[in-house]
Amino acid sequence: MGLTQAQVEVLPKDGVYLATPLGPYKSPGNKPVELKPGEERFSTTVQTPWQTEPLEASMTFMDGKLTSLYIDMGDNERLATRVAAQIEDKFGPAKLEDSTRVERCPTYGGGSEEVRSGSSYSAWSEVQGDKEVRSRVGTYVLDGCLSRRYNQDRKVLASISIYTVEATKNPF
C-alpha cells in the first residue's frame, strides 16, 4: 500500500507483480462505479507465487497512491487457505468472520450429508502511522440441499482484499 502507479508497474518478478498492464476498471456486471475525487481504479491481472496462472485483480489509487488491492482467486478454496496461512505466519492469528450455515441433506441411500453455505473470512489489521491496513482472505460458498437434489455443483468464490482506512484515534 502507498506505492505509486509507476512503482506498481515495475514491481520485481519475485513476488506479486503485474502480469498485464493496468487497464480501465471493469466492474462486475458492468455497473457504473462512483469514485471519490482523486480516486482512480484499474483492472489487471497479477502474477503471484501461489500459482502459475495470473489472477484477475483490481487496484485503486487515491491521489496517486495505492490504497486498495483486490485479487479474485476464482473457485480455488485451497489457494485461499494457503494465502491465509502465509499471512498468518507474517502477521499473527487472524480474526475469523464466519457466517456459514450448515444443512443436513438426505441422500439417496437413506443417510444424510452435511452441506455448508455462506461466507468465511480471515482478517488482519495493522496500524501504520495515520493509516490502518486491513487484509481479508475468504471464501463465499453457494451450496444447499435443493441444488444438490438437482445435481448442481457447489460454487466457491475466493478472494483477497487489502485496503487502507484512516486509523482510529484513542479519544482518551
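Is C105 buried or exposed, judged by relative accessibility? C105 counts as buried, at 3% relative accessibility. The cut-offs: buried is under 20% relative accessible area, exposed is over 50%, and partly exposed lies in between, with a 1.4 Å probe and protein chains only.

Some ground rules. This is a predicted model, where local features need pLDDT of at least 70, side-chain atom pairs count only at pLDDT 80 or more, and totals for chains, interfaces and linings use all residues. Residues are numbered from 1 along each chain as its sequence is written, and side-chain values use heavy atoms, with hydrogens and water left out.

Back to C105. C105 is joined to C145 by a disulfide, S to S 2.0 Å. A disulfide here is a pair of cysteine sulfur atoms within 2.5 Å. The search of the whole structure finds one disulfide. C105 sits in strand β7, residues 101-106, while C145 sits in helix α3, residues 145-149. The two cysteines are 40 residues apart, so this pair links distant parts of the chain. Helices (H or I, at least four residues) and strands (E, at least two) are DSSP runs, numbered from the N terminus. The link of C105 and C145 is left-handed, with -95 degrees about the S-S bond. And the partner? C145 also counts as buried, at 14% relative accessibility.

Next, salt bridges. Side chains of opposite charge can pair when their charged atoms come close. The criterion is a side-chain nitrogen of Lys or Arg within 4 Å of a carboxyl oxygen of Asp or Glu. How many does the search of the whole structure find? It finds seven salt bridges.

Take R154 and E77. Their closest N and O atoms are 3.1 Å apart. R154 lies in the loop between α3 and β10, and E77 in helix α2, so the pair ties together parts 77 residues apart in sequence. Both count as partly exposed: R154 at 39% relative accessibility, E77 at 28%.

Now strand β7 again. R101 and E103 meet in a salt bridge, 3.0 Å from N to O. R101 is partly exposed at 46% relative accessibility. E103 is partly exposed at 25%.

R104 and E114 also meet in a salt bridge, at 3.7 Å, N to O. R104 lies in strand β7 and E114 in strand β8, so this pair ties together parts that are ten residues apart in sequence. R104 counts as exposed at 53% relative accessibility, whereas E114 counts as partly exposed at 43%. Salt bridges with shared partners join R104, E114 and R116 into one network.

Last, the largest pocket. Its volume is about 810 Å³. On a 1 Å grid over the protein atoms alone, a pocket is an open set of points with protein on both sides within 12 Å along at least five of seven lines, and lining residues have an atom within 4 Å of a point. Grid points are joined across faces, edges and corners, and the volume is the space filled by probe spheres set on the points.

The largest pocket has 27 lining residues, with M1, K90, F91, S135 and I162 nearest its centre. Which element gives the largest share of that lining? Helix α2 does, with five residues. The lining divides into 21 nonpolar, four polar and two charged residues.

Conventions: 1 Å grid on protein atoms, 1.4 Å probe; cavity = no way out; pocket = protein on both sides within 12 Å on 5 of 7 lines; lining within 4 Å. Nonpolar A, V, L, I, M, F, W, Y, C, P; charged D, E, K, R; others polar.
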